[in-house]
Amino acid sequence: MTKSTNSKNIVLASSSPYRKELLSRVLNDFSCESPDIDETPFPDEEPVEHVARLAEQKAMTVSLNHPDSIIIGSDQICVLDGQILGKPHTEEKAIQQLQACTGKTVIFYTSLCVLESGQQAKTIDVVVTEVSFRVLEKGEIERYVQREQPLDCAGSFKCEGLGIALFESLSSKDPTALIGLPLITLAQSLRKLGVQVI
């Protein structure tokens, strides 16, 4: 868990505690900076295009303050029946979101942009995760939201915690993507830039 022989600073373009914790699993030397960008979707922008654009925009924005650094940008959206579900922010909205998801499959798009400041080297990936919810009773939903308070999570659950009990199944090539940062994909991108994580 080192930054290997690469002397460049590594910066996570995020203030998310979930992404910070995930990145600390594979790197022990990095800093974080929150990008200040407008995350409003463009008209007629497809979810996968939207999430990829935001990851790149976050990384590009933070790179302006960190020359000669490797910047990691990421974003995630949750889509149910073609509609983007944002962070609920309130218990009432979280309950409503989970009621809408019961018995259905929700698609999560988690984007990753890794770039080297001042260079042309840049990779952008989007990892798709399908989450199938079991049929949930309203009381279960209310108890879950009260207990885990997933108010800052798209989809209103924390799969790394009790939220996993809401699912019937999930499918992804990169299980950490659902938490917010696809580490398999990230490690591949870092290796391309000469950073070894093992």
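Mentor: A pocket here is an open set of grid points where a 1.4 Å probe fits, with protein on both sides within 12 Å along at least five of seven lines. Keep in mind that this is a predicted model.

Trainee: OK. What volume does the largest pocket have?

Mentor: The volume of the largest pocket is about 660 Å³. Its lining is made up of 33 residues, and Arg19, Asp75, Gln76, Lys87 and Asp152 are the closest to the centre.

Trainee: Changing topic, to strands. How many bridges join β5 to β6?

Mentor: 11 bridges join them, and the two strands run antiparallel. Strand β5 covers residues 105-116 and strand β6 covers residues 122-133. Within this pairing, valine 114 is opposite threonine 123 of β6.

Trainee: What about β6 and β7?

Mentor: Those strands are antiparallel too, joined by 4 bridges, with β7 at residues 167-171. Here glutamate 130 faces serine 171 of β7 across the pairing.

Trainee: What is serine 111 in contact with, neighbours within four places aside?

Mentor: Its contacts are Val51, Ala52, Ala55, Gly73, Ser74, Asp75, Asp125 and Val126. As for valine 128, its C-alpha is 8.8 Å from that of serine 111, and the two are 17 residues apart in sequence.

Trainee: Next, rings. How many aromatic pairs are there?

Mentor: The count is 4 aromatic pairs. One of them is phenylalanine 133 with phenylalanine 157, edge-to-face, at 5.7 Å centre to centre and 75° between the planes. Phenylalanine 133 belongs to strand β6 and phenylalanine 157 to the loop between α4 (138-148) and β7, so to speak distant parts of the chain, 24 residues apart.

Trainee: Why does the pair of phenylalanine 157 and phenylalanine 167 count as edge-to-face?

Mentor: Because the planes of the two rings are at 85°, and over 60 degrees counts as edge-to-face. The ring centres are 5.0 Å apart.

Trainee: Are phenylalanine 157 and phenylalanine 167 buried or exposed?

Mentor: Phenylalanine 157, at 5% relative accessibility, counts as buried. Phenylalanine 167 is also buried, at 10%.

Trainee: Which residues form the aromatic cluster?

Mentor: Phe108, Phe133, Phe157 and Phe167 form one cluster.

Technical notes:
Residues numbered from 1 in each chain as written. Predicted model: local features only at pLDDT ≥ 70, side-chain atom pairs only at ≥ 80, totals over all residues. Heavy atoms only, no water. Pairing = 2+ DSSP bridges. Contact = heavy atoms within 4.5 Å. 1 Å grid on protein atoms, 1.4 Å probe; cavity = no way out; pocket = protein on both sides within 12 Å on 5 of 7 lines; lining within 4 Å. Points joined across faces, edges and corners; volume = space filled by probe spheres on them. Phe/Tyr/Trp six-rings, centres within 6.5 Å; stacked < 30°, edge-to-face > 60°. Buried < 20%, exposed > 50% of the residue type's maximum accessible area, 1.4 Å probe, protein only.
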